Amino acid sequence: MSTTVIVTGAHGQFAQQLITDQPAHVRLIAFNRAQLDITDAVQVQQCLQHHRPAWVINAAAYTAVDRAESETAAAFAVNAEAPGHLAQAAARIGARMLHLSTDYVFDGQSPRPYRPDDATAPINQYGHSKLAGERKVQAVLGSEALIVRTAWVYGTTGQNFLHTLLRLMRERDRISVVADQIGTPTATPTLSRFIWRAVEQGLGGLHHCTDAGVASWYDFAQAIYSLAQAQGLVQRAVSIVPISTAQYPTPARRPACALLDKSSLWEATGLIAPHWRDSLHAVLQAITAPPKAPV
Ligand SMILES: NC(=O)c1ccc[n+]([C@@H]2O[C@H](COP(=O)([O-])OP(=O)(O)OC[C@H]3O[C@@H](n4cnc5c(N)ncnc54)[C@H](OP(=O)(O)O)[C@@H]3O)[C@@H](O)[C@H]2O)c1
């Protein structure tokens with residue numbers, strides 16, 4: 001028997017990967033923003049009543065971290081209020097809900113990787129809005145809700161650090177990249193594999209999911225450059241220059257070191273995330289691979 005799953009924010013980079021990887025037993029109904037605006041409580045309610053999914057995966061979000069400092073109300077409408085609408089609609093039909101959140105709920109001052117139950121302390125409006133969203137979902141669904149915090153997400157498509165770097169490496173001889181912010185890049189295929197397994201298992205609670213390993217944005221940029229050169233995506237010499245956060249001021253402050261402890265999700269799912277360098281290699285190979293012939 002198939003399981004009906006609704007995915008919101010279908011044009012986003014993570015949702016696109018979820019759609020690509022959907023298991024055979026899942027009947028996936030994916031809505032982009034034009035088809036389902038999650039800030040519209042009535043529309044959300046009607047949609048879930050009509051399709052009666054077993055799961056709702058909220059992959060929609062306001063992800064413009066710097067713009068969220070000035071467009072705070074818009075960020076809270078999508079990241080805080082709307083997950084609450086989804087949770088209420090899910091509760092009315094007895095559906096489970098998976099909600100994505102972020103390492104930016106932490107201040108980045110911890111000497112060790114953050115565990116899911118560590119104290120939160122966002123330092124920017126995006127982080128505040130995402131934390132408020134987690135709380136709205138938990139208030140309605142409790143530990144039945146599956147909340148997964150991730151970080152530094154990139155995939156074969158979408159607007160992300162990888163694609164920005166690939167573009168800049170074609171345009172510039174020198175790229176300055178912040179070297180004193182530490183985290184873990186996370187490829188959408190890793191996230192998607194864990195999420196589909198967790199859905200299949202009916203997992204609930206608060207968990208962390210990133211690739212394995214540690215990197216600065218500078219390390220990530222260096223790895224992109226060397227792997228992209230090796231795969232023929234970049235054919236010119238580019239100098240990647242490490243700079244400090246102070247040399248690259250942005251409207252939103254970022255956590256200095258937001259590593260996430262992923263052990264609860266690894267134990268619950270029986271899966272282990274690959275090292276971020278291996279995931280990057282695989283994503284770059286997927287970008288360079290010739291398109292598959294239609295069957
Ligand atoms: N990207 C990261 O580095 C990162 C890091 C940590 C956590 N996360 C979390 O991971 C999740 C997935 O992020 P992502 O990187 O896949 O984001 P993304 O590529 O920016 O996709 C988000 C999608 O949400 C859609 N959306 C925005 N407002 C909406 C609304 N009112 N109704 C319906 N859809 C709406 C957007 O639509 P449009 O295409 O029309 O704009 C976009 O397609 C999010 O919860 C995000 O907070 C991401």
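Let's start with a word that comes up a lot here: a residue is buried when its relative accessible area is under 20%, exposed when that value is over 50%, and partly exposed in between, using a 1.4 Å probe and protein chains only. S192 shows the idea well, since at 0% relative accessibility it counts as buried. You'll find S192 in helix α6, residues 188-201. Helices (H or I, at least four residues) and strands (E, at least two) are DSSP runs, numbered from the N terminus. Leaving out residues up to four places away in sequence, S192 touches F14, Q17, L18 and D21, where contact means heavy atoms within 4.5 Å.

Before going on, keep in mind that this is a predicted model: local features need pLDDT of at least 70, side-chain atom pairs count only at pLDDT 80 or more, and totals for chains, interfaces and linings use all residues. Residues are numbered from 1 along each chain as its sequence is written, and side-chain values use heavy atoms, with hydrogens and water left out.

Now for the ligand. Around it sit 24 residues, and Q13, D37, T63, Y126 and K130 come nearest; to be near, a residue needs one of its heavy atoms within 4 Å of the molecule or strand in question. By type, the shell divides into twelve nonpolar, nine polar and three charged residues. In that count, Ala, Val, Leu, Ile, Met, Phe, Trp, Tyr, Cys and Pro are nonpolar, Asp, Glu, Lys and Arg are charged, and the others, Gly among them, are polar. Three elements, α1 (13-20), β4 (96-102) and α4 (125-141), each supply at least two residues of the shell, and β4 gives the most, with three.

What about individual atoms? In the side chain of Q13, an N or O atom is 2.8 Å from an oxygen atom of the ligand. I38 uses its backbone instead: an N or O atom there lies 3.0 Å from a nitrogen atom of the ligand. A polar backbone atom of L100 is 3.3 Å from a ligand oxygen atom. Taken alone, the ligand exposes 900 Å², and the protein buries 81% of that; accessible areas come from the Shrake-Rupley method with a 1.4 Å probe, and for residues, only the protein chains shown count as cover.

Next, look at the aromatic rings. A search of the whole structure finds eight aromatic pairs. Rings of Phe, Tyr and Trp (its six-membered ring) pair if their centres lie within 6.5 Å; planes under 30 degrees apart count as stacked, over 60 as edge-to-face and the rest as tilted. The rings of W152 and W217 have centres 3.6 Å apart and planes at 10 degrees, so this pair is stacked. It joins distant parts of the chain, 65 residues apart: W152 is in the loop between β5 (146-150) and β6 (153-154), while W217 is in helix α7, residues 217-230. W152 is buried at 10% relative accessible area, and W217 is buried too, at 15%.

W217 also pairs with F220, this time tilted, at 6.3 Å centre to centre and 40 degrees between the planes. Both lie in helix α7, three residues apart, about one turn of the helix. F220 is buried at 1% relative accessibility. Ring pairs link W152, Y154, F161, W217, F220 and W276 into a cluster.

Finally, find V234 in the loop between α7 and β12 (239-243). V234 is buried at 3% relative accessibility. Not counting residues up to four places away in sequence, V234 touches M169, Y225, A228 and Q229.

Note on methods
Polar contact = N/O pair within 3.5 Å; in protein donor to acceptor, adjacent residues only side chain to side chain.
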